Amino acid sequence: MLGEYDAMATIAVKNLKAARKFYEGTLGFKAVHTEGEEAVTYKSGSSQLLVYHSQYAGTNKATAATWMVDDVEKLAKDLKAKGISFEHYDFPGMTRKGDVHIAGKLRNAWFKDPDGNIIALVSS
């Protein structure tokens, strides 16, 4: 059934103009479709990311979207140079080297967008 179809991450924001500045200017996404001041769709690898205006933006306390990347350490360093502040968590069985959490071969880093949505980077 649904396992045969692509999924799209969706992230709610309060101010689409500010979100576009962050997602395009800071994170480097390219818009592929817009719905005026209500939504913008970005290409992300072979998938898509929908960023949309919502009064409920920033209410999610869990990870909103995760990107599987080749090198979390390098990407975290590059994003930090662009002004991104990373979140630090105390998880059982994980250590931390700078902004990267380590559990065996798994590497994780988390940061928030301007609305407080938690974004995860993962490599293994």
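# Contacts and burial in a predicted model

Q: Why is the pair of Glu87 and Lys112 called a salt bridge?
A: The closest N and O atoms of Glu87 and Lys112 are 3.9 Å apart in this predicted model. The cut-off is a Lys or Arg side-chain nitrogen within 4 Å of an Asp or Glu carboxyl oxygen, so the pair of Glu87 and Lys112 at 3.9 Å counts as a salt bridge.

Q: What makes Glu87 and Lys112 a link between parts of the chain?
A: Glu87 belongs to strand β6 and Lys112 to strand β9, so their pairing ties together parts that are 25 residues apart in sequence.

Q: Why are Glu87 and Lys112 not classed as buried or exposed?
A: Buried requires under 20% relative accessible area and exposed over 50%. Glu87 has 21% and Lys112 has 37%, so each of the two is partly exposed.

Q: How many salt bridges are there by this rule?
A: The count is five. Among them is the one between the side chains of Arg107 and Glu73, with 2.9 Å from N to O. Since Arg107 sits in strand β9 and Glu73 in helix α2 (residues 72–81), the pair ties together parts 34 residues apart in sequence. Arg107 is partly exposed at 22% relative accessibility, and Glu73 is partly exposed at 32%.

Q: What makes Lys74 and Asp78 a salt bridge, and where do they lie?
A: Their closest N and O atoms are 2.9 Å apart, which is within the 4 Å limit, so the pair qualifies. Lys74 and Asp78 both belong to helix α2, four residues apart, or about one turn of the helix.

Q: Why is the pair of Phe29 and Tyr42 called tilted?
A: The centres of Phe29 and Tyr42 are 5.6 Å apart, with 40° between the planes. A pair needs centres within 6.5 Å; planes under 30 degrees apart would be stacked and over 60 edge-to-face.

Q: What does the pair of Phe29 and Tyr42 tie together?
A: Phe29 is in the loop between α1 and β2 (31–35), while Tyr42 is in strand β3 (residues 39–44), so the pair ties together parts that are 13 residues apart in sequence. Phe29 is buried at 12% relative accessible area, and Tyr42 is buried at 0%.

Q: Why is the pair of Tyr89 and Trp110 called edge-to-face?
A: Tyr89 and Trp110 have 85° between their planes and 5.3 Å centre to centre. The angle is over 60 degrees and the centres lie within 6.5 Å, so the pair is edge-to-face. This pair links distant parts of the chain, 21 residues apart: Tyr89 is in the loop between β6 (86–87) and β7 (95–97), and Trp110 is in strand β9 (residues 106–112). Tyr89, at 26% relative accessible area, is partly exposed, whereas Trp110, at 10%, is buried.

Q: How many aromatic pairs are found in the whole structure, and which residues form one aromatic cluster?
A: The search finds ten aromatic pairs. Phe22, Tyr23, Phe29, Tyr42, Trp67, Phe86 and Phe111 form one cluster.

Q: Which residues touch the most other members of the largest nonpolar core?
A: This core has 24 residues, and Tyr23, Leu49, Val51, Phe86, Phe111 and Leu121 touch the most other members. Helix α1 (residues 16–26) gives the most to the core, with four residues. Leaving out residues up to four places away in sequence, Leu49 touches Met8, Ala9, Ile11, Tyr23, Phe29, Val40, Thr41, Tyr42 and Trp67.

Q: How do you know whether Leu2 is buried or exposed?
A: Leu2 has 71% relative accessibility. The limit for exposed is over 50%, so Leu2 counts as exposed. Leu2 is found in the segment before β1 (8–13). Together with Met1 and Tyr5, Leu2 forms a nonpolar surface patch with about 490 Å² of accessible area.

Q: Why is Ser123 called buried?
A: Ser123 has a relative accessible area of 5%, which is under 20%, so it is buried. Ser123 is placed in strand β10 (residues 118–123). Not counting residues up to four places away in sequence, Ser123 touches Val69, Asp70, Asp71, Val72, Lys105, Leu106 and Arg107.

Methods:
Residues numbered from 1 in each chain as written. Predicted model: local features only at pLDDT ≥ 70, side-chain atom pairs only at ≥ 80, totals over all residues. Heavy atoms only, no water. Core = buried A, V, L, I, M, F, W, Y, C linked by side-chain atoms within 4.5 Å. Buried < 20%, exposed > 50% of the residue type's maximum accessible area, 1.4 Å probe, protein only. Helix = DSSP H or I, 4+ residues; strand = E, 2+ residues; numbered from the N terminus. Contact = heavy atoms within 4.5 Å. Patch = residues over 30% accessible without salt bridge, like charges linked within 9 Å, V, L, I, M, F, W, Y side chains within 5 Å. Areas by Shrake-Rupley, 256 points an atom, 1.4 Å probe, with all protein chains shown as cover. Phe/Tyr/Trp six-rings, centres within 6.5 Å; stacked < 30°, edge-to-face > 60°.
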